[in-house]
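Hi everyone, thanks for coming. Let me put the sequence and the model on the screen, and then we can walk through a few parts together.

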Amino acid sequence: MTTTLITGGTVVSATGRGQADVLVDGETIFAVLSPGSTLLGHDLSGSVDTVIDATGKYVIPGGIDAHTHMELPFGGTAAIDTFETGTRAAAWGGTTSIIDFAVQTAGQKVFDGLAAWHEKAAGNCAIDYGFHQIVGGVDADALDALPKLIDEGITSYKMFMAYPGVFYADDAQILRAMQVAADTGLMTMMHAENGPAIDVLVEQLLAQGKTDPYFHGVARAWQMEEEATHRAIMLANLTGAPLYVVHVSAKQAVEQLAAARDHGQNVFGETCPQYLYLSLEEQLGAVSEKYGAFEGAKWVCSTPLRSKAEGHQDHMWQSLRTNDIQMVSTDHCPFCMKDQKELGLGNFSKIPNGIGSVEHRMDLMYQGVVTGQITLERWVEITSTTPARMFGLYGKKGVIAPGADADIVVYDPNGHTSIGMDVDDDGNPTGKKHHMNMDHAAWEGFEIDGKVDTVISRGSVVIQDDAYHGRAGHGQYLRRGLSQYLV
């Protein structure tokens with residue numbers, strides 16, 4: 001096995017930072033040593049296979065994006081990133097593990113859906129990957145299958161209060177699934193929006209000729225998110241099931257989560273970079289020469305981008321500081337404009353929902369450190385350590401400590417990253433960063449005062465010197481334990 005010494009850097013954890021050298025033996029971290037330590041010999045640098053100089057840089061545990069959708073069928077098409085392209089892009093951005101979603105639809109057996117996702121991912125991933133299970137049809141077979149998922153290393157499942165006729169579950173179905181979760185320790189993940197009411201608003205807006213992407217955000221009003229969040233919390237309270245609300249975007253929904261947590265309930269929430277930086281007015285309402293008012297389709301996702309005038313973005317940053325929201329994922333579900341988003345020309349409800357962000361999460365959240373929104377330690381906590389604890393990976397992932405997987409990112413605070421398409425319309429290099437499969441960049445024009453320098457996945461360098469050194473098939477399936485974050 002090869003040995004690597006990362007020397008001279010500042011090791012940052014969720015609880016502090018300090019100068020330390022990190023010794024990697026094969027796929028795991030062997031030791032974290034004080035600078036100049038002779039505990040393992042007087043010439044450690046000379047006795048290892050590789051030395052990485054991290055002087056002036058941060059050494060952090062690899063990022064964990066706990067909410068991605070590679071190759072997800074949606075709205076008559078499918079997410080454009082495969083497990084190969086999506087995990088490669090993730091590696092470029094300092095993410096060394098993803099948790100994607102296997103899908104069961106109504107009438108399908110849960111384990112058939114899971115098998116299909118194993119087939120999509122196996123042998124194709126550049127970094128390690130796990131699965132949550134989407135339960136799109138709650139029947140006797142699904143309820144019987146839920147406890148058996150634990151033996152497969154899947155300890156969380158997702159339900160939808162939105163999308164009637166597709167993934168929607170009513171309160172009775174949610175109650176039954178949560179009763180199973182309470183008995184087994186499974187984490188219930190919830191897409192909390194009042195889908196039937198939203199469908200009424202969509203129908204009314206379209207009838208009024210309001211068809212542009214902007215009205216996607218109007219139809220999915222914050223009241224629809226707050227109401228569903230409260231209802232999910234009450235069902236979880238009744239059953240005793242732990243609850244994790246995905247892609248929280250409305251400040252009122254955060255208030256519901258905070259109130260439940262103040263009463264000691266095992267309720268958690270994630271937000272995404274788009275709800276911290278982007279808005280209804282600036283993105284969904286965007287107009288361009290090429291697309292006109294349809295430009296906003298690039299940022300159609302659900303839950304939707306919220307109004308900046310209403311202060312949702314500022315409240316999301318605050319909720320990260322106060323731990324009312326525990327972590328940041330991407331909900332990476334990328335679609336091209338051509339032939340995909342364009343399915344919704346003249347009808348915003350037909351636009352495939354999703355934004356591509358898996359490559360940029362670590363950078364975008366680091367910019368929050370630069371601007372004083374969060375601390376350096378909180379950056380590591382919300383992007384790596386808490387995801388590991390929340391979803392049963394901590395100790396193996398999410399920490400730089402002896403025995404942990406050698407998933408390590410060297411991050412240069414003196415570097416710079418320009419986000420955007422890497423070539424222009426004429427095919428000329430732009431010097432910007434974009435390795436996802438989309439034909440546009442949702443984060444075009446964003447500038448980051450920092451840079452991913454080196455990315456190591458289980459001891460293997462996958463990104464270094466602005467080059468990709470990884471390979472499809474390096475990533476292994478992660479069998480997860482039960483949540484390590486419960487109160």
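Helix α13, residues 361-370, lies across β8, β11 and β17 and runs at about 115 degrees to β8. That angle is taken between N-to-C directions on a scale from 0 to 180 degrees, with axes fitted to C-alpha atoms, for helices over the stretch in contact; contact means heavy atoms within 4.5 Å. Helices (H or I, at least four residues) and strands (E, at least two) are DSSP runs, numbered from the N terminus.

Please keep in mind that this is a predicted model: local features need pLDDT of at least 70, side-chain atom pairs count only at 80 or more, and totals for chains, interfaces and linings use all residues. Residues are numbered from 1 along each chain as its sequence is written, and side-chain values use heavy atoms, leaving out hydrogens and water.

Now the sheet: eight strands form an open, parallel sheet in the order β8-β11-β12-β13-β14-β15-β16-β17, where pairing takes at least two DSSP bridges between two strands. At the edges, β8 (63-68) and β17 (327-328) each pair on one side only. β8 pairs with β11 (95-104) over four bridges, and D65 has I98 in β11 as its bridge partner. Helix α5 (171-184) also packs on this sheet, touching β13, β14 and β15, at about 170 degrees to β13.

How many disulfides are there, counting cysteine sulfur pairs within 2.5 Å? The count is zero. For C125, the nearest cysteine sulfur belongs to C333, 16 Å away.

Key
Disulfide = S-S within 2.5 Å.
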